[in-house]
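Let's walk through this model together, beginning with the overall fold and then turning to its charged side chains.

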Amino acid sequence: MVIYKGKDYKDVSRKAANIMSAQIIMNPRSVLGLATGSTPVGMYQQLIEWYKKGDLDFSKITTVNLDEYKGLSPDNDQSYRYFMDQNLLNHINIEKSHTYVPNGMDEDSERACKEYDKIISMVGGIDMQLLGIGGNGHIGFNEPGVAFEKETHCVNLTESTIKANARFFKSIDDVPKQAYTMGIKNIMSAKKILLIATGSSKAKAIYDSLYGPITPNVPASILQLHPDVTIVADEDALQLL
């Protein structure tokens, strides 16, 4: 495990973008596991800037996203498909047919999850998985629980996660209560993992994940067992280390 400390959000974003761009340059056919939320936006902006300068080529890249809200259509401005289009995919030369997000409109949870696992297998697995981390240690929508969920599954979002996401919706009542998410096995099967974190609200989660016991009560603690994890975080997120 390698940890890089950035001075601030901009520095963290640039360092993370350097790592992701190196993956793209070294393997132009990489399968990238992508994440949403406010944390990776700066990294995506940096990748777009380098693409526009001619430094990066996404034409042979494939992407698979960690998760999607159940019940939101791709054109809903709070869906993760919409987020990815607006913050990255619409601004680079990637084949949209090679970008995958769980089908939030499929009401059959078992079918939707099996289909997404098939897609991950079909594209040959993930070369580099990008992760953020929740204040409770969740990765993707793998919330604290009694067991590590293995593959793509439907999760009931915790109250803390619903509250954290409510700022993106008109009211907390509009926040979906379920989501489809890659499981721990999907994430741990990635060849490389890149986790980015900023802010003091993530400090305890980072500490518990790296130095605490490996437990489903802190889902990100499983990353201690992965052979190739890089963490890029700011001083506030690393303050307890």
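A contact here means heavy atoms within 4.5 Å. With that in mind, residues 24 or more positions apart account for 79% of the contacts in the protein chain with a separation of 6 or more. Before going further, please note that this is a predicted model, where local features need pLDDT of at least 70, side-chain atom pairs count only at pLDDT 80 or more, and totals for chains, interfaces and linings use all residues. Residues are numbered from 1 along each chain as its sequence is written, and side-chain values use heavy atoms, with hydrogens and water left out.

The protein chain has 7 helices and 10 strands; these are DSSP runs numbered from the N terminus, with helices being H or I of at least four residues and strands E of at least two. Its radius of gyration, taken over C-alpha atoms, is 17 Å, close to the 18 Å that the globule rule (2.2 Å times the number of residues to the power 0.38) gives for 241 residues, so the chain is as compact as a globular protein of that length. Of those 241 residues, 54% count as buried, meaning under 20% relative accessible area with a 1.4 Å probe and protein chains only, while exposed means over 50% and partly exposed lies in between.

Now look at helix α3 (residues 80-87), where Tyr-80, Arg-81, Phe-83, Met-84 and Asp-85 are buried. Their cover includes β2, α2, β3, β4, β5 and α5.

Which residue does Arg-81 form a salt bridge with? The partner is Asp-85, the closest N and O atoms being 3.6 Å apart; a salt bridge is a side-chain nitrogen of Lys or Arg within 4 Å of a carboxyl oxygen of Asp or Glu. Arg-81 and Asp-85 are 4 residues apart in α3, so about one helical turn separates them.

Glu-68, in strand β4 (residues 67-69), is buried yet has no salt bridge, and the nearest side chain of opposite charge, Arg-81, is 6.4 Å away. Still, a polar atom of the Glu-68 side chain lies 3.1 Å from the backbone nitrogen of Arg-81.

Elsewhere, in helix α1 (residues 9-26), Lys-15 and Asp-11 meet in a salt bridge at 3.0 Å, N to O. Lys-7, Asp-11 and Lys-15 are linked in a network of salt bridges.

Notes
Lys and Arg count as positive and Asp and Glu as negative; His and the chain ends are not counted. A polar contact is a pair of N or O atoms within 3.5 Å; within protein, one must be able to donate a hydrogen and the other to accept it, and residues adjacent in sequence count only if both atoms are side-chain atoms.
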